[in-house]
Amino acid sequence: MTILPDANLYIDGKIRPATGGKTYDVLGPWTGEVVTKAADATAADVEEAIVAARRAFDHTDWATNHAKRYELVKKLRDLIKANNARMVEIARHEAGAAIGAVFAAHVNNAVDGMDALIDLFPEVKWEEDRGRKSAMGGKYVSDRTVVYEAIGVAAAITPWNVPLYVNLGKVIAGLLAGCTMILKPAPNTPSAAAILGELALEAGFPAGVFNVVLSEDPAMAGEMLTKDPRVDLITFTGSTLVGKKIMENGAQTLKRVFLELGGKSANIILDDAPNFAMAVASSMVVFHAGQGCAITTRVLIPRSRYAEACAILEQAYAGFADKWGNFEQPTSIMGPVISKKQMERVMSYIELGQKEGARLLAGGHARPDKGGGYFIEPTCFVDVTNDMRIAQEEIFGPVLVVIPYEDDEDAIRIANDTTYGLSGMVQGSPERAAHIAKRLRTGSVSVNGGMCIAGDLPFGGFKGSGVGREWGREGIEEFLESKVIAVGVPA
Ligand code: NAD
């Protein structure tokens, strides 16, 4: 018996196994043992999901009946909330969330974000009167309206790091906009998607409006969805490499492609930070073992206080030594990384950092003594220069790099000297910090602890961090097309 119930497909209003009945084992990050069995969709299953979503969009009132849709999405929300305990178990066993992280990004923030999207629905503009205008010297007069309508069939391709959060950000926004949806989660985290199918069925969603396909092969289903002309939009969160591939594949049918890719965000601590020691100590990359795209993984320290900052960090990491990697510890925010493959990837970066000449201040080792899963010590590199690969590439593990800077201009230069631009932090005297925040080329910035990521705010990246915005009103509008209707009026 596995810990979690089997994860099944949800296609055309039915919860079912894959055609042919094939399943695959999902290994839990804490133990390396099977936590659930997931249906392994065939190409025929993906095809059926596309057909169902297309039919539901073209031949039902899903896209046009705003009131009915709103009620059904609210019903789904209520069921998700009523199943909170199951969501928590899934996040812990499947995504490897520590208890303290579950009650933040994994479940609670996901549910708060879903509430925020639903609260924003009444503000969505479906039609706007753009007034009467005459042209050609008054020969033609028109009454013009801009109508906003759902794009069509949208496919959401999601990652394993905070799966419920990403799934809800895309699915709830797309459904509210009136799209029909196909959700394709990462192979490691099928249950966080399968449960949404189950609850949509219970909520009474019309067949085909929402579909979930699971697959052990990371690329098969996603490639089908990206290339198929019956799919109008792809919303993707994951790695830059796959994001580029999706854009390339989507170009064949000129699909709307929205990408939320990684980050290498900077945390700039100024010499006049209100609480310098606290700012430095809390820059540790430990939340969910660093597996978050918006985590600030480069901390920038003024050269004048660099030695002091290194001493603070050394102490902070030593104090954290027994506060991670424990499944039962209620306050812990750090568990394992998702998989053996990810562990090897992170460890190869730790090796690379040392080869590049950075100094290991803390951590740096795998910790098999913590359990059969994939544990890596909280790790901190100092004496890092921004041109090193460990300062440029997204590691997606518990690894912080510490970079000294000379003055404010230098800090801004270093922060922006990256192919990414997702998030950032500045901590210092308010006016100076706010000025620096405006100069950062990123989609969100926190100044002195401000929460820049919330369900009612747009989230997304500049530069290589992606295309488009999700969450907030903008996140719903991403699933809409505008259409101009001009009615001729006798001149
Ligand atoms: P990935 O980009 O490989 O996978 C993300 C999603 O895309 C999954 O659902 C996967 O099955 C799907 N996919 C894979 N190949 C595809 C293709 N050719 N066409 C369509 N869909 C495809 O990410 P990963 O393997 O889960 O992780 C690799 C790295 O990505 C991580 O180490 C990390 O750096 C980064 N990552 C970033 C985020 C983020 O939020 N920005 C999240 C997860 C992973």
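This is a predicted model: local features need pLDDT of at least 70, side-chain atom pairs count only at pLDDT 80 or more; totals for chains, interfaces and linings use all residues.
**Entry 1. Leu-254**

I began with Leu-254, which counts as exposed because its relative accessibility is 67%. I take buried to mean under 20% relative accessible area, exposed over 50%, and partly exposed in between, with a 1.4 Å probe and protein chains only. I number residues from 1 along each chain as its sequence is written, and my side-chain values use heavy atoms, with hydrogens and water left out.

Leu-254 sits in the loop between helix 9 and strand 11 (256-260). Helices (H or I, at least four residues) and strands (E, at least two) are DSSP runs, numbered from the N terminus. I noted that phi of Leu-254 is positive, near 45 degrees, in a residue other than glycine.

**Entry 2. Asp-12**

I then looked up Asp-12, another residue other than glycine with a positive phi, here near 50 degrees. Its place is the loop between strand 1 (9-11) and strand 2 (14-16). Is Asp-12 buried or exposed? Asp-12 is buried, because its relative accessible area is 19%.

**Entry 3. Helix 6 and Ala-177**

I checked the length of helix 6 (residues 163-177). The expected span of a helix is 1.5 Å times one less than its number of residues. For the 15 residues of helix 6 this gives 21 Å, and the end C-alpha atoms are 21 Å apart, which agrees. I found 15 of the 15 residues of helix 6 buried, so the helix is largely enclosed by the rest of the structure. Just after helix 6 comes Gly-178, with a positive phi of about 105 degrees.

Ala-177 belongs to helix 6, and at 0% relative accessibility it counts as buried. I recorded its contacts, where contact means heavy atoms within 4.5 Å. Neighbours within four places in sequence aside, Ala-177 is in contact with Arg-69, Trp-126, Ala-150, Ile-476, Phe-479 and Leu-480.

**Entry 4. Ser-191**

I located Ser-191 in helix 7 (residues 191-203). Ser-191 counts as buried, because its relative accessibility is 4%. With neighbours within four places in sequence left aside, I list Leu-4, Ala-7, Thr-36, Ile-90 and Glu-94 as its contacts. With Glu-94, Ser-191 also makes a side-chain polar contact of 2.5 Å. A polar contact is a pair of N or O atoms within 3.5 Å; within protein, one must be able to donate a hydrogen and the other to accept it, and residues adjacent in sequence count only if both atoms are side-chain atoms.

**Entry 5. The ligand**

Which residues come nearest to the ligand? Of the 28 residues around the ligand, I noted Thr-158, Trp-160, Lys-184, Pro-218 and Ser-239 as the nearest. A residue is near a molecule or strand if one of its heavy atoms lies within 4 Å of it.

I looked next at oxygen atoms of the ligand and side-chain N or O atoms. An oxygen atom of the ligand lies 2.3 Å from such an atom of Trp-160, and an oxygen atom of the ligand lies 2.7 Å from one of Lys-184. For Glu-394 the distance from an oxygen atom of the ligand is 3.0 Å. The protein covers 91% of the 810 Å² of accessible area that the ligand has on its own; I use the Shrake-Rupley method with a 1.4 Å probe, and for residues only the protein chains shown count as cover.

Helix 8 (220-227), strand 10 (233-237), helix 9 (240-251) and helix 12 each give two or more residues to the shell around the ligand. Helix 9 has the largest share, with three residues.

I turned to helix 12 (residues 340-355), whose 16 residues should span 22 Å at 1.5 Å a residue; the end C-alpha atoms are 23 Å apart, which agrees. Its buried residues are Gln-342, Met-343, Val-346, Tyr-349, Ile-350, Leu-352 and Gly-353. These buried residues pack against strand 15 (379-382), helix 13 (389-392) and strand 16 (399-405).

Gly-357 follows helix 12 and has a positive phi, near 100 degrees. I placed Gly-357 in the loop between helix 12 and strand 14 (359-362). Not counting residues up to four places away in sequence, Gly-357 touches Asp-383 and Met-388.
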